[in-house]
Amino acid sequence: MLQRFLIALFFVSSAPQFHLRDTQGATHTAGEWAGQKAVLLYFVTVDCPIANSYVPEMNRLHEAYAVQGIAFYAVQADPTVAEAEVVRYARDYRYRFPLLLDPAQTLVRHANATVTPQVAVLSPEGKVLYLGPVDNRVEDFGKQRPEATQSYVRQVLDAVLSGKAAAFASHKSIGCAIPRKTP
């Protein structure tokens, strides 16, 4: 219980102010989060094989949970990647939800994302409820299960939808380091 409280204190509790374009040219803001039951941010970069391998699962999660009031966004975490490359990547991988361009790393910093892939589940007010991997398929670099035996994101979203606190606030994420842009 104390560990969960300390983790909750660490996470930012108010929505960041942003105006970010997605790969289709639409602009998104935190105002879209109002009225949602939660917000899911999926941090990616175009050349991370682990993140790329999770796109089909993220599309399935979107299909299952968006209709229940969960807003989904992928976030391009590496500010050095050219916009045209991100647009091509979103099209090639067939994202079914917006992929945001975050050149100032506003959402990366808000969630304290450090690797891709990493998922942050936020309250509509911007409080980070969970930060970690999609599931337990990837155990370590070069070590993964054929199929996940636990879906952390599904567990967190199910808890949110049932009005309960998630049993955990974070899990260790394995993936490609997010290069930080100096403010």
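These are my notebook entries on a predicted model of one protein.

**Ground rules.** I number residues from 1 along each chain as its sequence is written. Because the model is predicted, I take local features at pLDDT of at least 70 and side-chain atom pairs at pLDDT 80 or more, while totals for chains, interfaces and linings use all residues, and side-chain values use heavy atoms, with hydrogens and water left out.

**Confidence.** I looked up pLDDT, the predictor's confidence in each residue, from 0 to 100, and found that the protein averages 90, with 92% of the residues at 70 or above. Over residues 1-12 pLDDT stays under 50, and there the model has 14 contacts beyond four places in sequence, a contact being heavy atoms within 4.5 Å.

**The sheet.** I took helices (H or I, at least four residues) and strands (E, at least two) as DSSP runs numbered from the N terminus, and counted two strands as paired if DSSP finds at least two bridges between them. On that basis I found an open sheet of five strands in the order β5-β4-β3-β7-β8, with mixed pairing. Its edge strands are β5 (99-101) and β8 (128-132), each of which pairs on one side only. Neighbouring strands are turned by 25° against each other on average, direction ignored, where axes are lines fitted to C-alpha atoms, for helices over the stretch in contact, and angles run from 0 to 180 degrees between N-to-C directions.

I then followed β3 (residues 38-44), which runs antiparallel to β7 (residues 118-122) and is joined to it by five bridges; Phe 43 has Gln 118 as its bridge partner in β7. Helix α4 (residues 83-93) packs on the sheet and touches β3, β4 (70-76) and β5, its direction making about 175° with that of β5. Helix α6 (residues 152-161) also packs on the sheet, touching β3, β4, β7 and β8, and its direction makes about 170° with that of β8.

**β7 and β8.** I noted four antiparallel bridges between β7 and β8, with Gly 132 of β8 as the bridge partner of Val 119. Five residues lie between the strands of this hairpin, in which Gly 126 takes a positive phi near 100°. I count residues as buried under 20% relative accessible area, exposed over 50% and partly exposed in between (1.4 Å probe, protein chains only); four of the five residues of β8 are buried, so β8 is largely enclosed by the rest of the structure.

**The disulfide.** I found one disulfide, defined as a pair of cysteine sulfur atoms within 2.5 Å. Cys 48 and Cys 176 form it, with their sulfur atoms 2.5 Å apart, and the torsion about the S-S bond is about 85°, so this disulfide is right-handed. The pair links distant parts of the chain, 128 residues apart, with Cys 48 in the loop between β3 and α2 and Cys 176 in strand β11 (residues 176-177). Cys 48 is buried at 0%, whereas Cys 176 is partly exposed at 22%.

**Salt bridges.** With a salt bridge taken as a side-chain nitrogen of Lys or Arg within 4 Å of a carboxyl oxygen of Asp or Glu, I have a count of six. One of them joins Glu 83 and Arg 21 (2.7 Å, N to O), linking helix α4 to strand β1 (residues 19-21) across 62 residues. Arg 60 and Glu 57 form another at 3.0 Å, N to O, and Glu 57, Arg 60 and Arg 154 are linked in a network.
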